[in-house]
Structure formats: structure tokens, C-alpha cells
Amino acid sequence: MKIASSVPSGLFHSGFPVSLYIHVPFCVSKCDYCAFYSLPACRWDGGGSSLRTAYVERMAREIESCALALGRPFETVFFGGGNPGCLRSNELSRLLEAACLFGRPGECTVEMNPESLDMSFLPVLGRYADRLSMGVQSLDAQVLSALGRNTSLSRVVGGIGNAVELRRRYGVKLSFDLMTCVPGQDEASALNDIDSLVATAEPEHLSLYCLSVEEGTPLAMRAHELEEWDQTRMLLACWQRLSLLGYEHYEVSNFAQKGNRCLHNSRYWALEQYVGLGPAAAGTAFCEEGIVRWGCPADVVAYCAGRPFSGYRHEFLSKEEELEEYLLVALRVKEGINFDAFATRFGFSFGELLDSECLRTLTDGSYVVGTTSFACTENGWMVLDDLVLRLALAADRVRHSKNGDCPVEPPVAP
Amino acid sequence: MSKDSRFTRNFCIIAHIDHGKSTLADRFIEKARLGTSRGPAQSQILDNMDIERERGITIKSQAVTIPYVAADGGAYELNLVDTPGHVDFSYEVSRAISSCEGALLLIDASQGVEAQTLANLYLAMEHDLEVIPVINKIDLPSADIPSCLHQINHDLGLDPDSTVLVSAKTGEGVDLLFEQIVKLIPPPAGDVDAPAQALIFDSHYDPYRGVIVHFRLFHGSIKEGDEILFMHSKATHKVEEVGIFQLELVRTGILQAGDVGYFIAGIKTISDIRVGDTVTLVSNPAKEPLAGFKDVKPVVFSSIYPVDTNDYEELQAAIERLKLNDASLVYEKDSSAALGFGFRCGFLGLLHLEVVQERIEREFDLSIVFTSPSVKYIVHMKNGEVLNIDNPLEYPDPMRVEFVEEPYIQANIITPTTYVGAIITLCMEKRGVQTGMNYLDEKRVEMIYEMPLAEVLFEFYDRLKSISRGYASFDYQVIGYRKTDLVRMDILVNGEPVDALSQLVFRGNVQARGRMVCERLKDEIPRQQFKIPIQAAVGGSIVSRETISAFRKDVTAKCYGGDISRKRKLLEKQKEGKKRMKMVGNVEIPQQAFLAVLKSDDKNS
Ligand SMILES: Nc1nc2c(ncn2[C@@H]2O[C@H](COP(=O)(O)OP(=O)(O)O)[C@@H](O)[C@H]2O)c(=O)[nH]1
Ligand code: SF4
Ligand SMILES: [Mg+2]
């Protein structure tokens, strides 16, 4: 009881399903394109009582408190990073155990970089996780070095081998991340990555990302993103190849064999409730008025020094903001926006957004309006940012007219 | 408690642009220790509009009262009015001049006499002002004082011996200049006991205090509590506050003949106030109004529309208030198929138009678009009817038009001889005809041209500056109407005509103008999900065409975790950007596209 009461109220609404995201903010070294929050080993691996130990200590408590407060298994659990492979296997085990306090969730994914997955992790993962998500990025040594991944091709291949062994022994499903549109990478290389990965590991799931060169990263100092047309061609070729190989393109960057979509992310794309723990993690909680965005500052040192649940900040989203986030995530998924779900959530019909001005700015082939849903085509996904923007503008117009400040006939000027 | 007007001096500083008027005004204010109480003085203290500070130009005339104790021991009040130098704003100069007895004619020691030096001198002489020639920037190594003195004598016909040498930058010579002002400029001659006659030379709107009227009192006195009459509009008001300008408004309770200051009178109806009107007292009215100013004639016309059609009423309020402070602005209601309801406005020139745009946006926080500016044409119809047309949308069916006349100007260009060839070429391209050429000295020429005003509106000034490396100066006046061959060029965006982009163009210029407009729009209109053709057409035939390609991919790769709030904030920013664009058909045209089609073509210069 005492522990449970230390969960900030509103961190989640236990009347609704709750997922759990754990951010592990440690990496071996920083990749040159990385804009995520994590520290390289030189900053956290300092001898006996390292930051890592302190992190695990606090995190274990936070997870336990949440599990106790919920009193039943989480809907889904996701350990991301950073690189959870930077934890010792017993540390990871401790956190996973806490997350499964009331039983195994509907899905439990752990992210890990190939070079970190040594055999010592296998029993732990086999015991708690049912999905492993591995950041392979490429099987082309040149592309790996263009990305500034401090690893070698042979270690990557070794990690993939261990992953396959994990699946063989424990039935843990595999997902791999691949990167495309890397400066210097050509279409053949990108396709070859897909082919070899599928040939060697037959993953149930694949994420195919298009590199964005983020400001402030070392990569930005030496390279530019590929030309828009080259990106488009490369992406289309990869999408086509994956579909030929039997993967369903179910989200902008995600592909799955039948029945193997990522449940955790699917809930995220539906803007469902989840708790995010750890530095730089964010979560979405439901409350009476709408939703609350929970976040922890991106500062491992502060996190490790603080009491459990200290430092988390929250922000109430207005219904308009919630709608914008919903558009941003929901249209990423193949099925798009379900009219009933939308109307229940926002209190008006999605059809109202499709006013003439909005439709005029969209190309015909970019979306499909069905009887029950509105969804993007692959062409629409290519221009998703614009599509969402159009709908968000339409939402403003709907709001304007609902508030009654409709345009009036202007008065006559002198 | 009547004050002695023998100790008052009203003067303005006139000069060609950049010769140092605002800087000199700063020195005056500093010397008079006005600036000190406000901490480190900002530069160009009187240029208090944001645009003025950013562009380093003076747009509005501004007034300030400087207390000064002269060598003779007298405590003087010097009323200084800073004025703009750009040709568009000469109207402001003439208003400043009307409220003064003397003028400092500033000449840049390294540039010498320029076109506006002459134009402003003529204005001052028309109003019988005492003109003191001042050579400024004597600290510059390139200062050529003997040559300036020669020009003052030879080109301006002023007395080189009364010339004062100063550096507005270092302050050198400014003390002497103060003394000369006191000595040479006559005190105001008004009669304190006569019925009040005050000339309104400006006004502005203060959100807290309402309308503030700037005036020069020629006769009588005005004090708080007085019942005043605007002689032109016949409106009466009760004076609530009277004072002078000392950077801030300083209440004095009374002003009398010879003074320059402000009053506040709870004026609600903005149209009661007309710059140039005479104010007198209801109890003892003047027999007749003061001469006032010549009504300004706008030469450039363009329509203003709110980007968001819901902002129409706010736009109307903004324009009314701006008009208070910018008497040269004229406007009436207008409407367009593409842009909705707006206002047709008349401007003194393109710079004036840009300034109005910026002021509406900054001071009233409205997003607006302007349509292509036009001059006023006289259209003679076959049936004998004569139309004045400044709006392309009102241009009649060409089959019914007998002939058209367009306004011509006389341009005076002063340039170092090196650039004469290039300037002749430019003027010929602009359909100019040379009517005179005077060598001012071995190195400088004055060239006189007659050319269509419409040609001057488009890129003439920028190109003149660029081909002469900034040395040529230019001034013009409208001289009348001449026959021309005019067509209406329409612009189609994605197949739909955008009426707001239509222009009236000299037939010989259609090809070049059409190409330029299409290229500009291509640069300014953002790509969308589909291809957008842009065409220029005259009648049914296309004269130019460009295509904006569709974008293929804009989706950002990863989207997870805390990222979503960041993405939403980005989305909100993009939304704001889109709201500043005008939907025309299914294409968004950014506000700046409407202005960009008017700007000079860099490739040509
Ligand atoms: N060296 C020097 N520069 C000056 C002097 N007076 C003005 N300037 C510079 O000339 C430029 C134009 O001055 P400004 O006062 O804005 O001229 P305005 O357009 O006549 O108001 C500015 O860069 C000033 O700093 C001077 O006496 N000496
Ligand atoms: S492993 Fe992932 S989180 Fe770590 S530095 Fe590389 S890209 Fe960033
Ligand atoms: Mg100035």
C-alpha cells in the first residue's frame, strides 16, 4: 500500500489498459546519427557503484510501484533505449521481473544492439520476453561506418546469430531495425540488407527507417540527406521487396509477417494509455478531462540522484492538442482512423474534417475514404506530414465554426 | 503667464537620404541633455517605429522640443522636426516644413549635392524658410569640403559663408550650429492675442490615450479646457491635455503662438481629423483657416486583403488608425473573387506601400496581402466615355477601348559621369526620353528624362542604385498623361485565374513581365502534393509558363516515445505558417508571393 501510494496520481488511469515503456539511457558509444537521449559508456560505466547501478535501483522501485498500483499485468511492456543490452543480465532480469510482477503482459519486447546480445542474456530474455528488437541498421560495412556505428560487421552478424538461437531455444520472436537512405547507400545495398536479413534470420517483424540527418549530430557535420527523389525511389523499392517477401506494410516504417505486428507500438499509434519510465521517457495517461502527457527530463545523473518518481513532469493536453497527436499517430497505421472510434473520442464526425478546402489540397491517390475509416495509401504515407497538416487545419476550421465565430458579411467601408 | 516667443525657434532638418539627418538629431538631443535621463542613448532616437530602426531610414516626420541656453544667455526652446529623405515621403517633408521658420539643409561632405537635396531645398524656399547650409560628415577621410562649398554656391545658390561644418557622428561643430540656429532662424511671428489658428501636421493613435493631434500654433493660444473647432470638418471638441514633445509627451497645459506640440481631446471619430486642417477656438474663432497643405495625390494603387477573410473588420480598423498617422494614405472598399473583401489603397510609391504593409502587420498584428500595384490610367472608350482605371479588375473589354493614356513623370537624375552610359541604357529600356543634360561640374551630371510612371514603379530605383553603385540619385514629379498601348495580363495558377495578380502592362513589356511573374511565383509558392502550372496570359493566349513540381516525400522517419509532443509542436508551427497563406483554388499562395512579383529582377541588374 505504502509503495503504491508513491505513484503520482494521474500517472495512469487504472480503469483503462496500461502499457509500460522503460527507457534505458545507456549505449556503448554514440552513433553519429543519433538524436535520442542516451549516454556513451565512458559517461556511466565508472567502476563499482556506477550510474548504472543507481539507475537500476530506482527503476526497479518505480516499476514495482506501478505494477502494484495497477494490480494486474501490464497490457504490453517495452524496454527501449539507448541499448538495454548495456545492463548486466541480472540487472535486466530484475527490471523484467518487476514488470511481470502480476504475470506476463500481452507482449514483452526488449531492444538490444547486436554487439550486446551475448549468450548470458538468453535465459533472462527467454524467461520474460517474447520479442527481441535488434538495431541492426545495415549489413553493409560501408553503410555501418557511414552511420558511425562503432561496431564491426562480424559482430553484427554474430549478434543476429545469437538472436536466432534465442528464438530457437525460447520461441522469442525477432524484429530487426534497418536504416535506408543513408548518404552513400544505394538501392542495391538497401535491398541486399533486406534480402540477407530475411535469408539468415527470417524475422517475424522488420522496421525500415529512412535516415533523417538531425541537426546537432556528428553526421550532420559531414553529410546531407539524400535528395527527395532518391529517397522516394529507395523507399518504394524496399517497400516492394518486403511485400514480395511476405511482410505486411502495416505502419509507415513497420512490416510484419501475419499475426506479428508489434502490439505495444500499435497501442502507442492509437494514442492509448501507457506509462513511460526513465530519463527522457514520456507516457500518455487518461484523466477526466482528456489526456496527460507524462515525461521525465533527459538527465540520467538527476534521475539516479532522485527519489522514485521525483522529477517527472506532466502537461494536460487540450482536446485540440489530443486531436493533433491522434492525427499524427493514427494515420501512420494501415487501417487509419476508424470513424466510430474517432467520434467516440472527439465528439464529432471525422467526415467534418474532409471539407472541400481540405480535400482540394490532397492528391487523389494518397488516401482512401471507406465506409468505416479513413486511411493513407503508401503514396499518402510518403507525404504524411502534409496530409496531417491539412487535416489539422481542417480541424481548426471545424472548431471555429462550432464556436460560432463564423465569418459575417463585412461592413461597408467609408 | 504668457511666454516670450522671441525665445522659440522652429526648424527642420532636410537632406538627401543618408546624409545624416537622424544622426544629427541625436546629437542635438544629447547636447540638450535630453537623452541622458534615459540611460545610454539609443541611436536615431526619433526613429521610434520598429521599421525605421531596422531599416535605418526615417519614414515619419517626428518632432521634439529641445531646451537650449545660448551664448547670449537666453533660454531658448528649439523645436526640431526630423524628416524622411526617400522620394516617396516628400509629402512628410512638406508637412514638416509648413510648421517651421527655418531649415538646416544637410549635405554629406563626401557625396555633395544630390537629387533630394535640390528637391527639398525647393520645398523649403516655397515656404520662405530660412535655410542654413550644413556640411555633415566632415570626419570622413573622403570629405571634400571645398567641392561642397562650391556646389552650395553654384548649384544651390546659397551663401557658402553662412555654411556650418559639422560631424553628426563626433559632435564636432554642433555647438556652433546651435548658435547659428538661434541667430539666423527668425522666431515665430504669430500674434498671441489673435484668434487661435493651429495647423494640424500629424496625428497618431495611442491605445491608452486615444487620438493625439500634433500641431503648430500660428496665432493665439490653446489651453486645457478650451472648446476647439476643426475648421474643415466643423467638428468641435474639448481639449483635455496640451503639451510638447520631449521624446515622451510632456504636459504643459497651454501652448501659444509659435509653439509646436500636441493636444488630446477625447476624439472618437477618426474622420474628424484631417492633417492640414486648422484648429481654432469655438469662443473666438479665426476668420479663415491657414493655407494647409496641398492634397497629396497617390500615384500607386493596390488592394489590401486580409489573409484570413475573418479579419476584414480588424483590417478596416487598422487602416483607419494608420490613416491618422499617415495622412497620405487613401483607401476605399474593394473585393476580389480570389481574396474576398479588402481595400483599394493609394500610395505615394512602392516604398510607401511596403511601409504600410509592415506597419499593418506589426502594429496591428494582421496578416495581409497586396495585389499588383498600378498607376492610374485614363481609358477613352469608343462611345466617348472616359474612365479612370487603376484597378486591373475594372479594365474594360479591349474591343470597346479607343485608346489609353498613362501618367508620365519628369525624372531628375544626378550621377557621377562614369555611369552616364549605363543610366541612358536603363532609361531607354524604361521608355524614357531625354530632355536635358547639365554638367554640374567635371565629375557630375544632372540628367532629365520624361518617362512613364509605371516604368519607375517596377524595379527602376533599385536598378539605378545598383548600376551606379549607389551614387546616382533620383527625384521625380508627375507631368501629365500620354497615349500608350495597354493590355491586361492575367495570371493563372493551376489553371485558375488569380484576379489579384492581374496587371495592366505596356504591350511591349508583356513577354518580359510575364516571364518574371511566373518565375517569381515559382520560387515563392511552396510545392504541394500535386504539380502546379503557373501561366501568364493576355486575352486567350499564354505568354509565359512555369511549373512547380509536386513533392514526393515529406514523412519523417521515426515517431515514437516522447517524440510525439515535439512533433505536435512542429505541426502547430507549420499550421501558423499555412495560415499566412492565401488559398486560391486549391493552391496556397504565400503572402510574400504577392509582393515578390513586384520586386526588381536581380538577374537583370
Ligand atoms: N562618418 C560619419 N558618418 C555619419 C555622420 N552622420 C551620419 N553618419 C552615418 O550616415 C548614415 C546615415 O545617417 P542617418 O542619420 O540615418 O541619415 P538620414 O537618412 O539622413 O536620417 C548612418 O550610417 C550614420 O551613422 C557623420 O558625421 N560622420
Ligand atoms: S545505439 Fe541507438 S540510442 Fe545508442 S547511440 Fe546508437 S542510435 Fe543512439
Ligand atoms: Mg533618418
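In the predicted model, helix 16 of chain A, spanning residues 384-402, holds both Asp386(A) and Arg390(A), which are 4 residues apart, or about one turn of the helix. The two residues form a salt bridge in which the closest N and O atoms are 3.3 Å apart. Both Asp386(A) and Arg390(A) are buried. The side chains of Arg568(B) and Glu572(B) meet in a salt bridge with an N to O distance of 3.8 Å. Arg568(B) counts as buried because its relative accessibility is 0%, under the limit of 20%. Glu572(B), at 23% relative accessibility, counts as partly exposed.

Arg568(B) also forms a salt bridge with Glu321(A), with the closest N and O atoms 3.5 Å apart. Arg568(B) lies in helix 13 of chain B and Glu321(A) in helix 12 of chain A (residues 319-330), so this pair joins two chains. Both residues belong to a network of salt bridges that links Arg293(A), Glu315(A), Glu321(A), Glu325(A), Arg568(B), Lys569(B) and Glu572(B). Over all chains, a search of the whole structure finds 48 salt bridges.

Across the interface of chain B and chain A, 10 salt bridges are found. A further residue pair that meets the salt-bridge rule is Lys575(B) with Asp396(A), whose closest N and O atoms are 3.1 Å apart. On the side of chain B that touches chain A, the elements giving two or more residues are helix 7 (312-325), strand 18 (330-336), strand 19 (340-347) and helix 13 (563-579). Helix 13 gives the most to this side, with 12 residues. By residue class, the side of chain B that touches chain A divides into 14 nonpolar, 11 polar and 18 charged residues.

The size of an interface is often given as the accessible area lost when the parts come together. For chain B and chain A, the area buried between them is about 4600 Å², with 55% of it on carbon and sulfur atoms. Within chain B, the residues that lose the most area to chain A are Gln529(B), Arg552(B) and Lys553(B), which together make up 18% of what that side buries. In terms of contacts, 43 residues of chain B meet 56 residues of chain A.

The secondary structure of chain B comprises 14 helices and 33 strands. Chain B has 605 residues, of which 60% count as buried. Among contacts in chain B with a separation of 6 or more, 69% are between residues 24 or more positions apart.

In chain A, Ser93(A) is located in helix 3 (residues 89-99). Ser93(A) counts as buried because its relative accessibility is 17%, under the 20% limit. Apart from neighbours within four places in sequence, Ser93(A) is in contact with Val124(A) and Tyr128(A).

Residues of chain A also surround ligand 2, namely Cys27(A), Ser29(A), Lys30(A), Cys31(A), Tyr33(A), Cys34(A), Ser38(A), Gly82(A), Asn113(A) and Arg149(A). This shell divides into 4 nonpolar, 4 polar and 2 charged residues.

Notes
Residues numbered from 1 in each chain as written. Chains lettered and ligands numbered in written order. Predicted model: local features only at pLDDT ≥ 70, side-chain atom pairs only at ≥ 80, totals over all residues. Heavy atoms only, no water. Near = heavy atom within 4 Å. Nonpolar A, V, L, I, M, F, W, Y, C, P; charged D, E, K, R; others polar. Contact = heavy atoms within 4.5 Å. Buried area = accessible area lost by both parts, 1.4 Å probe. Salt bridge = Lys/Arg side-chain N within 4 Å of Asp/Glu carboxyl O. Buried < 20%, exposed > 50% of the residue type's maximum accessible area, 1.4 Å probe, protein only.
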